[in-house]
Amino acid sequence: MQSVWTLLSWGPEGWLDDIAYGVFITVSLAAATLPLGLVIGFLVALAKQSNEPSLRLAGNIYTTIFRGLPELLTLFMIFYGAQIGIQQLMRLYDPTAAVEVNAFVSGMIALGVVFSSYASEVFLSAFRAIPKGQYEGGYSVGLSGWQTMRLVVLPQLVRIALPGLANLWLILLKDTALVSAIGLTDILRQAGVAARVTKHAFLFFGVAALIYLLLAIISSFGINAIERAVGRQQVQR
Amino acid sequence: MSAAAADVATKVEKPPAIPHGWPRQRILGYALVCVWIAFLAGIAAYLVVAWNGELFAKYAPSYVTGLGVTLLLVAISIVLGAILSVPIAYARMSRNRFLSGLAYAYVYFFRGTPLLAQTFLVYYGVGSFRPQLDMIGLWGFFREAFNCAIFAFSLNTAAYQAEILRGAIESVPRGQWEGAASLGLHKLQTMWKIILPQALIVALRPYGNEIILMIKGSAIVAIITVYDLMGITKLTYSRTFDFQSYVWAAIIYLIIVETLRHAVEWIERRITIHLQR
């Protein structure tokens with residue numbers, strides 16, 4: 001019977017190095033998804049708050065679909081669907097082609113669309129919190145539509161949306177655990193491998209859960225720092 | 001620079017007029033709607049082309065049972081979680097530092113870690129405690145993946161529901177408590193007759209969201225070999241390699257979630273009639 005500390009040590013005996021690699025994958029997946037989700041979410045929110053009914057409809061369909069599907073199902077559909085779709089395309093040129101879709105990219109896209117559909121709602125309510133006078137003020141000093149958006153609306157929007165987006169970041173961090181189901185070696189999968197090999201399931205899954213908790217705590221410190229910085233800016237103006 | 005700014009200022013002296021005809025936004029909007037229509041029509045066409053009566057007859061009944069398992073799992077977890085959330089919310093609001101700290105730690109743990117990790121912790125982790133569980137006769141319970149899922153989900157949703165309950169109760173102004181006390185109602189009566197009816201209006205939407213999150217989250221039990229809707233879907237796909245198995249599951253999930261969402265909105269409209277002006 002090995003001791004707990006041997007199991008959790010760094011190196012060939014222990015599993016800490018493998019789990020650390022999992023942490024690296026998890027964090028980089030979440031960090032890669034964030035900008036993707038923010039950009040798509042902002043564009044969808046722009047569509048949903050526009051005066052044009054057809055644009056609103058298109059944005060609402062997007063949100064309805066990706067907010068209503070379970071994240072795991074979205075992930076599987078993108079992972080297997082992309083595989084089948086690309087394979088069909090490749091068959092047109094080369095009938096023997098076999099395609100392997102990258103699990104990291106599929107995870108990034110799936111988590112990105114889910115994140116963006118929630119983020120669009122956050123951005124939308126932030127848009128609604130900005131009074132119409134801000135746009136009118138922008139026009140009245142001679143700014144174009146795009147300039148008003150960039151110089152007047154966006155700085156206020158970010159400040160209002162920040163708490164909601166911070167919440168979504170914490171959810172995203174937890175949702176990355178799902179990619180272990182399509183074979184990406186994140187924290188949970190590495191813990192699962194360690195648990196299977198050593199038969200200390202409770203220990204390793206407990207450690208995995210605590211690592212997620214630690215990531216959440218670190219994130220909330222970071223979020224607090226950002227909110228303080230943004231708040232200070234507001235006071236200075 | 002000032003000359004350029006002044007130039008722009010004279011050009012745009014009033015807010016842009018409401019667009020007529022075919023402005024850029026409208027073209028973009030119609031194009032996007034057309035893309036969606038094409039996409040949805042494509043999926044419908046795919047389902048028609050890929051229609052396989054034999055396959056449908058073979059797997060449709062198991063989809064129905066899978067749906068039943070999903071709904072049963074969510075219903076039991078939500079109810080157990082609701083029961084469990086009351087003492088947690090009470091502890092969280094109590095003045096006792098130790099009690100509220102404990103409740104806070106519970107809530108923080110279950111909200112800060114992925115549901116999947118919690119489920120794994122229960123499903124694979126209980127094996128480490130087999131002798132103890134054997135002793136108190138609970139091993140039979142935890143051997144079933146379904147029971148493990150219910151256990152993990154109930155603990156998880158209890159944490160979320162406790163926060164919803166706490167937020168809703170604290171949203172009721174203090175004056176309500178004081179008014180009730182001045183009328184001679186005791187604490188429990190005040191809670192039951194004055195506070196909860198007002199708090200539940202606030203809590204309705206978060207509760208609805210929690211049920212929706214639970215239905216979506218319950219898909220992960222497919223990974224620990226429970227044959228819920230997602231589990232059946234995975235099984236069907238692994239047997240037939242037919243992508244439509246996933247499309248059908250997506251349609252069923254979307255219908256459930258949208259129905260629930262609209263039901264919650266309808267109930268909210270009904271119970272806030274006296275607040276609308």
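How far apart do the end C-alpha atoms of residues 106-130 of chain A lie, and how much of that span is helix and how much strand?

Analyst: The end C-alpha atoms of residues 106-130 of chain A lie 36 Å apart, and the span is 96% helix and 0% strand. The model is a predicted one, in which local features need pLDDT of at least 70 and side-chain atom pairs count only at pLDDT 80 or more, while totals for chains, interfaces and linings use all residues. Residues are numbered from 1 along each chain as its sequence is written, with chains lettered from A and ligands numbered from 1 in the order in which they are written. Helices (H or I, at least four residues) and strands (E, at least two) are DSSP runs, numbered from the N terminus.

In UniProt, an unreviewed entry gives the annotation "transmembrane region" to residues 20-47, 68-86, 106-130, 151-172 and 202-226 of chain A. UniProt positions are given here in the numbering of the model, feature names are shortened, and annotations may be inferred rather than shown by experiment. Another of these spans, residues 20-47 of chain A, is 100% helix and 0% strand, with end C-alpha atoms 41 Å apart. The unreviewed entry also lists residues 23-223 of chain A as "domain: ABC transmembrane type-1". Over residues 23-223 the chain is 83% helix and 0% strand, and the end C-alpha atoms are 20 Å apart.

Helix α5 of chain A comprises residues 103-129 and packs against α3(A) at an angle of about 125°, with the two axes 9 Å apart. Axes are lines fitted to C-alpha atoms, for helices over the stretch in contact, and angles run from 0 to 180 degrees between N-to-C directions. The pair α3(A) and α5(A) is therefore oblique; angles under 35 degrees count as roughly parallel, over 145 as roughly antiparallel, 65 to 115 as roughly perpendicular and the rest as oblique. The crossing of α3(A) past α5(A) is left-handed, meaning that the near helix is turned anticlockwise from the far one by less than a right angle, whereas clockwise is right-handed.

On the α5(A) side of this pair stand A:Val113, A:Val114, A:Ser117, A:Tyr118, A:Ser120 and A:Glu121, which meet A:Gly59, A:Tyr62, A:Thr63, A:Phe66 and A:Arg67 of α3(A). Residues are in contact if their C-beta atoms, placed from the backbone, lie within 7 Å. By class, the contact of α3(A) with α5(A) holds five nonpolar, four polar and two charged residues. Ala, Val, Leu, Ile, Met, Phe, Trp, Tyr, Cys and Pro count as nonpolar, Asp, Glu, Lys and Arg as charged, and the others, Gly among them, as polar.

The wider setting includes the partner chain. Contacts join 42 residues of chain A to 40 residues of chain B. On chain A, at least two residues each come from α3 (53-68), α4 (71-93), α6 (132-140), α7 (145-175), α8 (187-198) and α9 (201-236). The most is given by α9(A), with nine residues. The side of chain A that touches chain B has 27 nonpolar, eleven polar and four charged residues.

Chain B carries the annotation "domain: ABC transmembrane type-1" (unreviewed UniProt entry) over residues 67-264. This span is 83% helix and 0% strand, and its end C-alpha atoms lie 21 Å apart. For "transmembrane region", the unreviewed entry lists residues 27-51, 63-90, 102-124, 136-156, 211-233 and 245-264 of chain B. Among them, residues 102-124 of chain B are 87% helix and 0% strand, with end C-alpha atoms 26 Å apart.

Helix packing in chain B can be described likewise. Helix α3 (residues 53-93) of chain B and helix α8 (residues 145-171) of chain B pack at an angle of about 45°, with axes 6 Å apart. The two are therefore oblique to each other, and their crossing is right-handed. The contact of α3(B) with α8(B) has 15 nonpolar, six polar and two charged residues. Helix α8(B) also packs with helix α10 (residues 187-217) of chain B, at an angle of about 150° and with axes 8 Å apart. Helices α8(B) and α10(B) are therefore roughly antiparallel, and α8(B) passes α10(B) in a right-handed crossing. The contact of α8(B) with α10(B) divides into 14 nonpolar residues, three polar and one charged.

Key:
Two residues are in contact if their C-beta atoms, placed from the backbone, lie within 7 Å.
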